[in-house]
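Please look at the sequence and the model first.

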Protein chains: 2
Amino acid sequence: MPVSAPDPSVPPERKPRKDAVRNRAAVLAAADTLFTGSRRPEDVTMSDVAAAAGVGKGTLFRAFGDRTSLIRALYQERLGPLTAAVAEGPPPLGPAATPAERVPALLDALLCFKLDHRHLALALEGTGADSPYGTEHYAHWHALLRDLLTGLLPPAEADFTAHALLAATRADLVEHLAGELATPREELRARLAAHTARLLP
Amino acid sequence: MPVSAPDPSVPPERKPRKDAVRNRAAVLAAADTLFTGSRRPEDVTMSDVAAAAGVGKGTLFRAFGDRTSLIRALYQERLGPLTAAVAEGPPPLGPAATPAERVPALLDALLCFKLDHRHLALALEGTGADSPYGTEHYAHWHALLRDLLTGLLPPAEADFTAHALLAATRADLVEHLAGELATPREELRARLAAHTARLLP
DNA sequence: ATAAGATACGGACCGGCGGTCCGCTTCAGT
DNA sequence: ACTGAAGCGGACCGCCGGTCCGTATCTTAT
């Protein structure tokens, strides 16, 4: 007699065990450290992450499913503040700003994020199999940017322009310019700002 | 008494064996077919290529060194005609054209090439380890485009703009738009042309 | 034509990776 | 304390890129 279903909707869904959440956090922290400290993301292996987190491989895969999902989870977590600032923060990033000032602010914020988390972004976009496109994450940013551009440009061009602008902040391009060519941060920001401005008068 | 050195410069350098050149060609052909027919480039393995070419793995690796080099060789070969047209062909692609007409022509040609060789371009750019940037191939196109742009734009912006324009024709973006979203070829070309035009008045 | 040497062939083999499995441990509700 | 479920961990698997080396084939000099 299953009388005591405290929540009649959605399947039971117990709360996770304490050790599980601890291990999950440990794995995320370890992965962040390892990616940040590695020159190429693909030479930090899943075994490395497990070892660095003081956890067995089974645990790691149980918690995250596969390599790609681990990287995505980590990326989303780090991106959280920016996502929040865009969704409900003050201008020029937040929704109160006009499109004309929000678009450059958005792109600048994205560039800065990739500069600050180069290795992680590289790991995410370079995970071979799955291209950046097709992730909900990309769809989200593209839709936002497209909508903002729709009043500033001939409407037919907004969609492609959004793609093109996002392509200009791809992790491997940023890595190439900032990392290998050692372009100073402020110069990169200025270049991207100029490029953006050139597209919307 | 080594009297008969027909060419006194550069080390002897015999001409390659007949079977070697035949096998090399067979491998390139097989690889092209396999990549073209596969949905994701990374699930055509080196063993697949060797088998399809009727050749042992040792032969394959002896001829090309490694996977990346094989893909690059194949890509360069297919790109040959375009390279030639740019280097010495008639306007608007060739050197006789003015920069203002050559830039859009170049980008359109590049886009068309990627549309026609999506799988191959995807294989090249998605080979995980090595980013597209840093290959001499990319350096070549970027330098050409940058030089053309220097005169049409404030000189400080030419370099970054060249990167941004090339980023708009990245293989995975093209695949996303033309493949998954099924954007018609002509529309894509129009979008890229409009985008290019917007950057240089 | 033939012998001799260089070159290429091919597939068994290797190290390491992402991912799975399952006996054992640890937690949470009673 | 008791018990069943959830989590743990590391041996294990299949596969892939890449190497190795005994053998077959081509080229060149005679």
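## Backbone features

B:Pro92 lies in the loop between helix H4 (67-88) and helix H5 (99-116) of chain B; helices are DSSP runs of H or I with at least four residues, numbered from the N terminus. The peptide bond that joins B:Pro91 and B:Pro92 is cis, with omega about 5°. Most residues other than glycine have a negative phi, and most peptide bonds are trans.

B:Ala182, in the loop between H9 and H10 of chain B, has a positive phi of about 55° although it is not a glycine. B:Ala182 is exposed, with 7 other C-beta atoms within 10 Å (exposed means 12 or fewer other C-beta atoms within 10 Å of its own, C-beta atoms being placed from the backbone).

## Basis of the model

The model is predicted: local features need pLDDT of at least 70 and side-chain atom pairs count only at pLDDT 80 or more, while totals for chains, interfaces and linings use all residues. Residues are numbered from 1 along each chain as its sequence is written, and chains are lettered from A and ligands numbered from 1 in the order in which they are written.

## Surface near DNA strand D

Around DNA strand D there are 25 residues, of which A:Gly56, A:Gly58, B:Thr45, B:Gly58 and B:Asp66 come nearest; a residue is near a strand if its C-beta atom, placed from the backbone, lies within 6 Å of it. H3(A) gives the most to this surface, with five residues.

## Contact between the chains

The contact takes 25 residues from chain A and 25 residues from chain B, two residues being in contact if their C-beta atoms, placed from the backbone, lie within 7 Å. On the side of chain B that touches chain A, H8(B) gives the most, with six residues.

Definitions and conventions
Helices (H or I, at least four residues) and strands (E, at least two) are DSSP runs, numbered from the N terminus. A residue is buried if 20 or more other C-beta atoms lie within 10 Å of its own, exposed if 12 or fewer, and partly exposed in between; C-beta atoms are placed from the backbone.
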